[in-house]
Amino acid sequence: MAQIELRNVQKFFGAVQVIKDMNLTIEDGEFVVMLGQSGCGKTTTLRAIAGLETVTSGEILIDGKEVQNEKAADRDIAFVFQSFSLYPHMTVYENIAFPLRAVGMSNSERDKAVKEVAEILRIPNLLKRRPSALSGGDMQRVAIGRALVRRPKALLMDEPIGALDAKLREEMRAEIKRLHISRGSTSVYVTHDQIEAMSLADRIVIMHDGVLQQIGAPEEVYLKPANLFVAQFVGSPVMNVADVSVSGNGGDVSVVVGKADAGFAFPQSTLGNAKAGHELSLGIRPEAVLLSHDKSDGAIEVKSTNIEPLGSHDIVDVQIGSEVLRARTESGFVSGEGQTVWVNLDPTQAHFFDRASGLSLRGHE
Ligand SMILES: Nc1ncnc2c1ncn2[C@@H]1O[C@H](COP(=O)(O)OP(=O)(O)OP(=O)(O)O)[C@@H](O)[C@H]1O
Ligand SMILES: [Mg+2]
(Lines give C-alpha, C1' and ligand atoms only; values in the text may rest on other atoms or scores of the structure.)
(Ligands and ions follow the chains in the order given, each with its own letter.)
Protein backbone atom coordinates (compact mmCIF):
# COMPACT_ATOMS: atom_id res chain seq x y z
CA MET A 1 0.00 0.00 0.00
CA ALA A 2 1.30 3.39 -0.84
CA GLN A 3 0.71 7.05 -1.40
CA ILE A 4 1.54 8.25 -4.92
CA GLU A 5 2.33 11.85 -5.70
CA LEU A 6 2.97 13.63 -9.00
CA ARG A 7 4.66 17.03 -8.79
CA ASN A 8 4.83 19.31 -11.81
CA VAL A 9 5.09 16.34 -14.14
CA GLN A 10 5.65 17.18 -17.79
CA LYS A 11 6.00 14.73 -20.63
CA PHE A 12 7.02 15.48 -24.20
CA PHE A 13 7.15 13.06 -27.10
CA GLY A 14 9.46 14.99 -29.40
CA ALA A 15 7.97 18.46 -29.67
CA VAL A 16 4.52 17.34 -28.53
CA GLN A 17 3.64 17.87 -24.89
CA VAL A 18 1.23 15.20 -23.71
CA ILE A 19 1.29 15.83 -19.93
CA LYS A 20 1.18 19.45 -18.86
CA ASP A 21 2.25 20.32 -15.34
CA MET A 22 0.40 17.53 -13.61
CA ASN A 23 0.05 17.74 -9.83
CA LEU A 24 -1.81 14.99 -8.06
CA THR A 25 -1.68 13.13 -4.76
CA ILE A 26 -3.28 9.71 -4.53
CA GLU A 27 -3.73 8.69 -0.92
CA ASP A 28 -2.84 5.33 0.52
CA GLY A 29 -5.70 2.91 -0.16
CA GLU A 30 -7.54 5.31 -2.43
CA PHE A 31 -9.25 4.31 -5.70
CA VAL A 32 -8.62 7.08 -8.21
CA VAL A 33 -10.06 6.97 -11.72
CA MET A 34 -8.47 8.97 -14.53
CA LEU A 35 -11.16 9.93 -17.01
CA GLY A 36 -10.72 11.64 -20.35
CA GLN A 37 -11.08 11.38 -24.09
CA SER A 38 -8.82 9.35 -26.31
CA GLY A 39 -5.35 10.89 -26.58
CA CYS A 40 -5.62 13.12 -23.48
CA GLY A 41 -2.64 11.45 -21.81
CA LYS A 42 -4.18 8.87 -19.46
CA THR A 43 -2.03 5.91 -20.46
CA THR A 44 1.10 8.03 -20.56
CA THR A 45 0.45 9.23 -16.99
CA LEU A 46 -0.14 5.68 -15.79
CA ARG A 47 2.98 4.39 -17.53
CA ALA A 48 5.00 7.21 -15.98
CA ILE A 49 3.79 6.21 -12.50
CA ALA A 50 4.70 2.59 -13.18
CA GLY A 51 8.11 3.49 -14.59
CA LEU A 52 7.32 2.18 -18.07
CA GLU A 53 7.80 5.71 -19.41
CA THR A 54 10.25 8.41 -18.33
CA VAL A 55 9.01 11.91 -17.50
CA THR A 56 10.55 14.96 -19.14
CA SER A 57 10.51 16.92 -15.89
CA GLY A 58 8.89 16.89 -12.48
CA GLU A 59 8.85 14.32 -9.71
CA ILE A 60 6.96 11.14 -8.97
CA LEU A 61 6.94 10.12 -5.33
CA ILE A 62 5.88 6.87 -3.75
CA ASP A 63 5.42 7.15 -0.01
CA GLY A 64 7.32 10.43 -0.13
CA LYS A 65 10.34 9.01 -1.94
CA GLU A 66 11.28 10.20 -5.42
CA VAL A 67 11.13 7.34 -7.89
CA GLN A 68 11.12 9.05 -11.28
CA ASN A 69 14.60 7.73 -11.96
CA GLU A 70 13.95 4.23 -10.66
CA LYS A 71 13.30 1.32 -12.97
CA ALA A 72 9.80 -0.15 -13.16
CA ALA A 73 10.95 -3.32 -11.42
CA ASP A 74 12.11 -1.34 -8.39
CA ARG A 75 8.85 0.53 -7.92
CA ASP A 76 6.77 -2.51 -6.94
CA ILE A 77 3.72 -1.33 -8.83
CA ALA A 78 1.49 -3.72 -10.77
CA PHE A 79 -0.07 -2.88 -14.12
CA VAL A 80 -3.11 -4.39 -15.81
CA PHE A 81 -3.42 -3.61 -19.51
CA GLN A 82 -6.51 -3.44 -21.66
CA SER A 83 -5.43 -6.29 -23.88
CA PHE A 84 -5.38 -9.69 -22.29
CA SER A 85 -1.69 -10.31 -21.84
CA LEU A 86 -1.75 -13.84 -20.47
CA TYR A 87 0.82 -16.48 -21.34
CA PRO A 88 -1.12 -18.82 -23.65
CA HIS A 89 0.96 -21.93 -22.98
CA MET A 90 0.53 -21.70 -19.19
CA THR A 91 -2.47 -22.65 -17.09
CA VAL A 92 -4.39 -20.05 -15.13
CA TYR A 93 -2.55 -21.21 -12.01
CA GLU A 94 0.84 -20.78 -13.67
CA ASN A 95 -0.14 -17.40 -15.07
CA ILE A 96 -1.09 -16.09 -11.64
CA ALA A 97 1.96 -17.67 -10.00
CA PHE A 98 4.36 -16.30 -12.58
CA PRO A 99 5.28 -13.00 -10.84
CA LEU A 100 6.14 -14.95 -7.68
CA ARG A 101 8.92 -16.90 -9.38
CA ALA A 102 11.45 -14.16 -8.88
CA VAL A 103 10.37 -13.44 -5.32
CA GLY A 104 11.90 -16.55 -3.82
CA MET A 105 8.84 -17.94 -2.06
CA SER A 106 8.50 -21.49 -0.88
CA ASN A 107 6.16 -23.70 -2.91
CA SER A 108 3.57 -23.77 -0.18
CA GLU A 109 3.64 -20.00 0.27
CA ARG A 110 3.25 -19.54 -3.46
CA ASP A 111 0.39 -22.01 -3.57
CA LYS A 112 -1.37 -20.20 -0.76
CA ALA A 113 -0.96 -16.80 -2.46
CA VAL A 114 -2.31 -18.04 -5.80
CA LYS A 115 -5.29 -19.76 -4.20
CA GLU A 116 -6.12 -16.74 -2.10
CA VAL A 117 -6.18 -14.46 -5.14
CA ALA A 118 -8.21 -17.01 -7.10
CA GLU A 119 -10.70 -17.13 -4.26
CA ILE A 120 -11.09 -13.35 -4.19
CA LEU A 121 -11.58 -13.29 -7.95
CA ARG A 122 -13.97 -16.27 -7.81
CA ILE A 123 -11.97 -18.35 -10.25
CA PRO A 124 -10.64 -21.26 -8.15
CA ASN A 125 -12.42 -23.67 -10.51
CA LEU A 126 -10.50 -22.33 -13.51
CA LEU A 127 -6.95 -22.77 -12.21
CA LYS A 128 -6.16 -25.76 -14.42
CA ARG A 129 -7.45 -24.22 -17.64
CA ARG A 130 -5.43 -22.50 -20.32
CA PRO A 131 -6.31 -18.92 -21.33
CA SER A 132 -7.75 -20.09 -24.66
CA ALA A 133 -10.52 -21.86 -22.70
CA LEU A 134 -11.58 -18.73 -20.79
CA SER A 135 -14.22 -16.09 -21.46
CA GLY A 136 -13.10 -12.48 -21.86
CA GLY A 137 -14.17 -11.61 -18.34
CA ASP A 138 -12.34 -14.57 -16.83
CA MET A 139 -9.19 -13.73 -18.79
CA GLN A 140 -9.24 -10.26 -17.33
CA ARG A 141 -9.82 -11.68 -13.84
CA VAL A 142 -6.70 -13.77 -14.30
CA ALA A 143 -4.76 -10.72 -15.50
CA ILE A 144 -5.86 -8.84 -12.39
CA GLY A 145 -5.00 -11.85 -10.24
CA ARG A 146 -1.53 -11.95 -11.71
CA ALA A 147 -1.09 -8.26 -10.94
CA LEU A 148 -2.29 -8.63 -7.35
CA VAL A 149 -0.58 -11.82 -6.29
CA ARG A 150 2.66 -10.12 -5.32
CA ARG A 151 0.77 -7.71 -3.07
CA PRO A 152 2.19 -4.71 -4.90
CA LYS A 153 2.31 -1.25 -3.36
CA ALA A 154 -0.22 -0.06 -5.90
CA LEU A 155 -2.34 -1.42 -8.71
CA LEU A 156 -2.60 0.49 -11.99
CA MET A 157 -5.30 -0.53 -14.46
CA ASP A 158 -5.50 0.83 -17.99
CA GLU A 159 -9.02 0.30 -19.35
CA PRO A 160 -8.94 -3.25 -17.99
CA ILE A 161 -12.49 -4.05 -19.05
CA GLY A 162 -12.80 -1.78 -22.08
CA ALA A 163 -12.75 -4.69 -24.49
CA LEU A 164 -15.61 -6.57 -22.86
CA ASP A 165 -19.27 -6.34 -23.86
CA ALA A 166 -21.58 -4.02 -21.93
CA LYS A 167 -23.16 -6.61 -19.63
CA LEU A 168 -19.84 -8.17 -18.68
CA ARG A 169 -18.35 -4.72 -18.07
CA GLU A 170 -21.11 -4.01 -15.59
CA GLU A 171 -20.42 -7.28 -13.78
CA MET A 172 -16.66 -6.73 -13.76
CA ARG A 173 -17.10 -3.20 -12.47
CA ALA A 174 -18.82 -4.55 -9.39
CA GLU A 175 -16.09 -7.18 -8.98
CA ILE A 176 -13.28 -4.67 -9.22
CA LYS A 177 -14.97 -2.55 -6.61
CA ARG A 178 -15.41 -5.53 -4.31
CA LEU A 179 -11.80 -6.52 -4.88
CA HIS A 180 -10.64 -3.05 -3.97
CA ILE A 181 -12.70 -3.07 -0.80
CA SER A 182 -11.33 -6.46 0.27
CA ARG A 183 -7.70 -5.74 -0.64
CA GLY A 184 -7.62 -2.00 -0.07
CA SER A 185 -4.72 -1.45 -2.44
CA THR A 186 -4.02 2.03 -3.74
CA SER A 187 -5.50 1.89 -7.23
CA VAL A 188 -5.32 4.09 -10.29
CA TYR A 189 -7.79 3.12 -12.96
CA VAL A 190 -7.97 4.61 -16.44
CA THR A 191 -11.13 4.76 -18.49
CA HIS A 192 -12.97 6.97 -20.94
CA ASP A 193 -16.31 5.61 -19.71
CA GLN A 194 -17.82 8.09 -17.28
CA ILE A 195 -20.25 5.57 -15.80
CA GLU A 196 -17.34 3.32 -14.92
CA ALA A 197 -15.57 6.30 -13.39
CA MET A 198 -18.59 7.41 -11.36
CA SER A 199 -19.29 3.94 -10.03
CA LEU A 200 -15.73 2.97 -9.09
CA ALA A 201 -13.93 6.08 -7.95
CA ASP A 202 -13.27 7.53 -4.54
CA ARG A 203 -12.05 10.48 -6.58
CA ILE A 204 -12.12 11.15 -10.31
CA VAL A 205 -9.31 12.93 -12.12
CA ILE A 206 -10.63 14.51 -15.30
CA MET A 207 -8.07 15.20 -18.00
CA HIS A 208 -8.24 17.05 -21.29
CA ASP A 209 -5.37 17.60 -23.69
CA GLY A 210 -2.75 16.65 -21.12
CA VAL A 211 -4.16 19.09 -18.56
CA LEU A 212 -5.80 18.01 -15.33
CA GLN A 213 -9.21 19.72 -15.28
CA GLN A 214 -10.63 18.73 -11.92
CA ILE A 215 -10.11 16.24 -9.12
CA GLY A 216 -13.03 15.34 -6.90
CA ALA A 217 -15.46 12.77 -5.61
CA PRO A 218 -17.93 11.61 -8.31
CA GLU A 219 -20.78 13.70 -6.92
CA GLU A 220 -18.50 16.72 -6.70
CA VAL A 221 -17.49 16.68 -10.37
CA TYR A 222 -21.13 16.04 -11.30
CA LEU A 223 -22.65 18.72 -9.09
CA LYS A 224 -19.85 21.28 -9.11
CA PRO A 225 -17.97 21.09 -12.40
CA ALA A 226 -14.97 23.41 -12.33
CA ASN A 227 -15.25 24.39 -15.96
CA LEU A 228 -17.25 23.90 -19.14
CA PHE A 229 -15.20 20.92 -20.24
CA VAL A 230 -15.97 18.96 -17.07
CA ALA A 231 -19.59 20.13 -17.15
CA GLN A 232 -20.12 18.67 -20.60
CA PHE A 233 -17.94 15.61 -20.14
CA VAL A 234 -19.65 14.22 -17.04
CA GLY A 235 -23.31 13.27 -17.16
CA SER A 236 -25.56 11.75 -19.77
CA PRO A 237 -27.28 13.22 -21.64
CA VAL A 238 -24.79 16.04 -21.83
CA MET A 239 -25.40 19.19 -19.78
CA ASN A 240 -27.03 21.96 -21.81
CA VAL A 241 -24.78 24.95 -22.34
CA ALA A 242 -26.33 28.17 -23.60
CA ASP A 243 -25.25 31.76 -24.07
CA VAL A 244 -27.03 33.94 -21.55
CA SER A 245 -26.99 37.51 -20.36
CA VAL A 246 -27.83 38.57 -16.85
CA SER A 247 -29.55 41.80 -15.90
CA GLY A 248 -31.00 43.35 -12.78
CA ASN A 249 -29.71 43.92 -9.32
CA GLY A 250 -30.37 42.83 -5.76
CA GLY A 251 -33.10 40.25 -5.02
CA ASP A 252 -33.77 38.42 -8.25
CA VAL A 253 -31.89 38.83 -11.50
CA SER A 254 -33.14 38.04 -14.97
CA VAL A 255 -31.28 35.38 -16.92
CA VAL A 256 -31.99 35.71 -20.63
CA VAL A 257 -31.21 32.61 -22.69
CA GLY A 258 -30.18 33.06 -26.33
CA LYS A 259 -31.44 36.67 -26.51
CA ALA A 260 -35.02 35.47 -25.98
CA ASP A 261 -37.79 38.01 -25.35
CA ALA A 262 -38.12 37.08 -21.70
CA GLY A 263 -35.76 35.94 -18.99
CA PHE A 264 -35.88 33.58 -16.03
CA ALA A 265 -35.81 35.03 -12.56
CA PHE A 266 -32.93 33.64 -10.51
CA PRO A 267 -32.00 34.61 -6.96
CA GLN A 268 -28.75 36.58 -7.07
CA SER A 269 -27.25 34.02 -4.69
CA THR A 270 -27.36 31.28 -7.35
CA LEU A 271 -25.09 33.24 -9.64
CA GLY A 272 -21.89 32.83 -7.68
CA ASN A 273 -19.47 35.55 -8.70
CA ALA A 274 -21.41 36.50 -11.82
CA LYS A 275 -22.59 40.07 -12.04
CA ALA A 276 -25.32 41.72 -14.06
CA GLY A 277 -24.15 42.70 -17.52
CA HIS A 278 -21.88 39.66 -17.80
CA GLU A 279 -22.00 37.63 -20.98
CA LEU A 280 -22.04 34.14 -19.57
CA SER A 281 -22.58 30.54 -20.43
CA LEU A 282 -25.31 28.82 -18.49
CA GLY A 283 -24.91 25.12 -17.84
CA ILE A 284 -28.04 23.23 -16.90
CA ARG A 285 -28.69 19.50 -16.95
CA PRO A 286 -31.77 18.17 -18.76
CA GLU A 287 -33.34 17.17 -15.42
CA ALA A 288 -33.25 20.82 -14.33
CA VAL A 289 -35.08 22.05 -17.45
CA LEU A 290 -38.67 21.82 -16.26
CA LEU A 291 -41.53 21.56 -18.73
CA SER A 292 -45.23 21.97 -18.01
CA HIS A 293 -48.38 22.08 -20.09
CA ASP A 294 -49.78 25.03 -18.19
CA LYS A 295 -48.47 28.49 -17.66
CA SER A 296 -46.73 28.64 -14.31
CA ASP A 297 -44.99 31.41 -12.42
CA GLY A 298 -41.85 32.56 -14.20
CA ALA A 299 -42.16 30.04 -17.05
CA ILE A 300 -41.64 30.94 -20.69
CA GLU A 301 -43.77 29.69 -23.56
CA VAL A 302 -41.73 27.68 -26.05
CA LYS A 303 -42.11 25.07 -28.76
CA SER A 304 -40.73 21.54 -28.74
CA THR A 305 -38.38 20.89 -31.65
CA ASN A 306 -37.46 17.25 -31.18
CA ILE A 307 -38.42 14.30 -29.00
CA GLU A 308 -36.11 11.45 -28.19
CA PRO A 309 -38.00 8.57 -26.53
CA LEU A 310 -35.67 6.51 -24.32
CA GLY A 311 -38.11 4.10 -22.71
CA SER A 312 -37.89 5.16 -19.08
CA HIS A 313 -38.06 8.84 -20.02
CA ASP A 314 -37.96 11.22 -22.98
CA ILE A 315 -35.51 13.94 -23.92
CA VAL A 316 -37.44 16.88 -25.35
CA ASP A 317 -35.71 19.74 -27.15
CA VAL A 318 -37.20 23.19 -26.79
CA GLN A 319 -36.23 26.39 -28.55
CA ILE A 320 -35.53 29.41 -26.33
CA GLY A 321 -34.43 32.41 -28.37
CA SER A 322 -31.45 31.25 -30.43
CA GLU A 323 -30.70 28.30 -28.11
CA VAL A 324 -32.06 24.79 -27.90
CA LEU A 325 -32.28 23.25 -24.42
CA ARG A 326 -32.87 19.58 -23.80
CA ALA A 327 -35.32 18.63 -21.05
CA ARG A 328 -35.82 15.29 -19.38
CA THR A 329 -39.50 14.43 -19.10
CA GLU A 330 -41.72 11.46 -18.35
CA SER A 331 -42.29 9.26 -21.37
CA GLY A 332 -44.90 10.73 -23.67
CA PHE A 333 -45.14 14.01 -21.73
CA VAL A 334 -44.79 15.97 -24.97
CA SER A 335 -46.48 14.13 -27.80
CA GLY A 336 -44.78 15.67 -30.81
CA GLU A 337 -42.67 18.35 -32.38
CA GLY A 338 -43.99 21.87 -32.61
CA GLN A 339 -46.06 21.56 -29.43
CA THR A 340 -46.38 24.55 -27.16
CA VAL A 341 -45.08 23.96 -23.64
CA TRP A 342 -43.96 26.13 -20.76
CA VAL A 343 -40.36 25.92 -19.63
CA ASN A 344 -38.73 26.93 -16.39
CA LEU A 345 -35.23 26.36 -15.10
CA ASP A 346 -34.31 25.16 -11.63
CA PRO A 347 -31.96 27.89 -10.39
CA THR A 348 -30.50 25.63 -7.72
CA GLN A 349 -29.16 23.37 -10.49
CA ALA A 350 -27.82 26.13 -12.73
CA HIS A 351 -24.12 26.62 -13.36
CA PHE A 352 -22.58 29.80 -14.67
CA PHE A 353 -19.31 29.89 -16.56
CA ASP A 354 -17.18 32.72 -17.87
CA ARG A 355 -17.68 32.45 -21.60
CA ALA A 356 -14.08 33.25 -22.48
CA SER A 357 -12.19 31.13 -19.95
CA GLY A 358 -14.83 28.44 -19.45
CA LEU A 359 -14.27 28.60 -15.69
CA SER A 360 -17.13 28.15 -13.26
CA LEU A 361 -18.22 31.32 -11.49
CA ARG A 362 -19.52 29.39 -8.53
CA GLY A 363 -18.79 31.27 -5.37
CA HIS A 364 -16.99 29.55 -2.52
CA GLU A 365 -19.60 27.73 -0.48
N1 LIG B 1 5.50 6.58 -27.62
C2 LIG B 1 4.87 7.66 -28.11
N3 LIG B 1 5.46 8.45 -29.03
C4 LIG B 1 4.84 9.54 -29.52
N5 LIG B 1 3.62 9.95 -29.14
C6 LIG B 1 2.97 9.20 -28.23
C7 LIG B 1 3.57 8.01 -27.66
N8 LIG B 1 2.68 7.50 -26.77
C9 LIG B 1 1.61 8.32 -26.78
N10 LIG B 1 1.77 9.34 -27.66
C11 LIG B 1 0.83 10.44 -27.89
O12 LIG B 1 0.55 11.05 -26.65
C13 LIG B 1 -0.81 11.43 -26.54
C14 LIG B 1 -1.41 10.82 -25.30
O15 LIG B 1 -1.47 9.41 -25.49
P16 LIG B 1 -2.06 8.43 -24.40
O17 LIG B 1 -1.88 7.06 -24.91
O18 LIG B 1 -1.48 8.75 -23.07
O19 LIG B 1 -3.59 8.83 -24.42
P20 LIG B 1 -4.83 8.12 -23.72
O21 LIG B 1 -5.52 9.18 -22.94
O22 LIG B 1 -4.40 6.91 -22.99
O23 LIG B 1 -5.75 7.74 -24.96
P24 LIG B 1 -6.66 6.43 -25.22
O25 LIG B 1 -7.96 6.69 -24.48
O26 LIG B 1 -6.87 6.44 -26.69
O27 LIG B 1 -5.94 5.22 -24.72
C28 LIG B 1 -1.46 11.00 -27.85
O29 LIG B 1 -1.53 12.11 -28.68
C30 LIG B 1 -0.53 9.95 -28.38
O31 LIG B 1 -0.57 9.91 -29.78
MG1 LIG C 1 -4.77 4.88 -23.26
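Reply: Let's begin with terms: helices (H or I, at least four residues) and strands (E, at least two) are DSSP runs, numbered from the N terminus. This is a predicted model, in which local features need pLDDT of at least 70 and side-chain atom pairs count only at pLDDT 80 or more, while totals for chains, interfaces and linings use all residues. Residues are numbered from 1 along each chain as its sequence is written, chains are lettered from A and ligands numbered from 1 in the order in which they are written, and side-chain values use heavy atoms, leaving out hydrogens and water.

Me: How many helices and strands does the protein chain have, and what does its C-alpha trace span along the principal axes?

Reply: The protein chain has nine helices and 20 strands. Its C-alpha trace spans about 80 × 45 × 35 Å along the principal axes. Of its 365 residues, 50% count as buried (buried means under 20% relative accessible area, exposed over 50%, partly exposed in between, with a 1.4 Å probe and protein chains only). Contact means heavy atoms within 4.5 Å. Among contacts between residues at least 6 apart in sequence, 67% join residues at least 24 apart.

Me: At what angle do helix 4 and helix 6 pack?

Reply: In general, two packed helices are described by the angle between their axes and the distance between the axes. Here helix 4 (residues 107-120) and helix 6 (residues 166-183) pack at about 135°, and their axes are 10 Å apart. Axes are lines fitted to C-alpha atoms, for helices over the stretch in contact, and angles run from 0 to 180 degrees between N-to-C directions. Helix 4 and helix 6 are therefore oblique to each other (under 35 degrees is roughly parallel, over 145 roughly antiparallel, 65 to 115 roughly perpendicular, and the rest oblique).

Me: Which residues make the contact between helix 4 and helix 6?

Reply: Helix 4 contributes Glu116, Val117 and Ile120, and helix 6 contributes Arg178, Leu179, Ser182 and Arg183. By class, that contact has three nonpolar, one polar and three charged residues. The classes are simple: Ala, Val, Leu, Ile, Met, Phe, Trp, Tyr, Cys and Pro are nonpolar, Asp, Glu, Lys and Arg charged, and the others, Gly among them, polar.

Me: Salt bridges next. How many are there?

Reply: A salt bridge is a side-chain nitrogen of Lys or Arg within 4 Å of a carboxyl oxygen of Asp or Glu. By this rule the count is 17. Arg178 of the helix contact is also in a salt-bridge network with Asp138, Arg141 and Glu175.

Me: Which parts does the salt bridge of Lys11 and Glu53 tie together?

Reply: The side chains of Lys11 and Glu53 meet at 3.8 Å, N to O. Lys11 lies in strand 1 (residues 4-13) and Glu53 in the loop between helix 1 (42-50) and strand 4 (57-62), so the pair ties together parts that are 42 residues apart in sequence. Lys11 is buried, at 6% relative accessibility. In another salt bridge, Lys65 and Glu70 have their closest N and O atoms 2.5 Å apart. Lys65 is partly exposed at 47%, and Glu70 is partly exposed at 22%.

Me: What is the nearest side chain of opposite charge to Asp158?

Reply: Lys and Arg count as positive and Asp and Glu as negative, with His and the chain ends not counted. For Asp158, it is Lys42, 6.9 Å away; Asp158 is buried yet has no salt bridge. Asp158 sits in strand 7 (residues 154-158). Leaving out residues up to four places away in sequence, Asp158 touches Thr43, Leu46, Phe79, Val80, Phe81, Gln82 and Val190.

Me: What about the backbone: which peptide bond is cis, and what is phi of Asp76 and of Arg122?

Reply: Most residues other than glycine have a negative phi, and most peptide bonds are trans. The bond from Ser236 to Pro237 is cis, with omega near -5°. Pro237 is in the loop between helix 9 (228-233) and strand 11 (240-247). Phi of Asp76 is near 55°, a positive value in a residue other than glycine. Asp76 lies in the loop between helix 2 (72-75) and strand 6, and is partly exposed at 25%. Phi of Arg122 is near 60°, again a positive value in a residue other than glycine. Arg122 is in the loop between helix 4 and helix 5 (136-148) and counts as exposed, at 53%.
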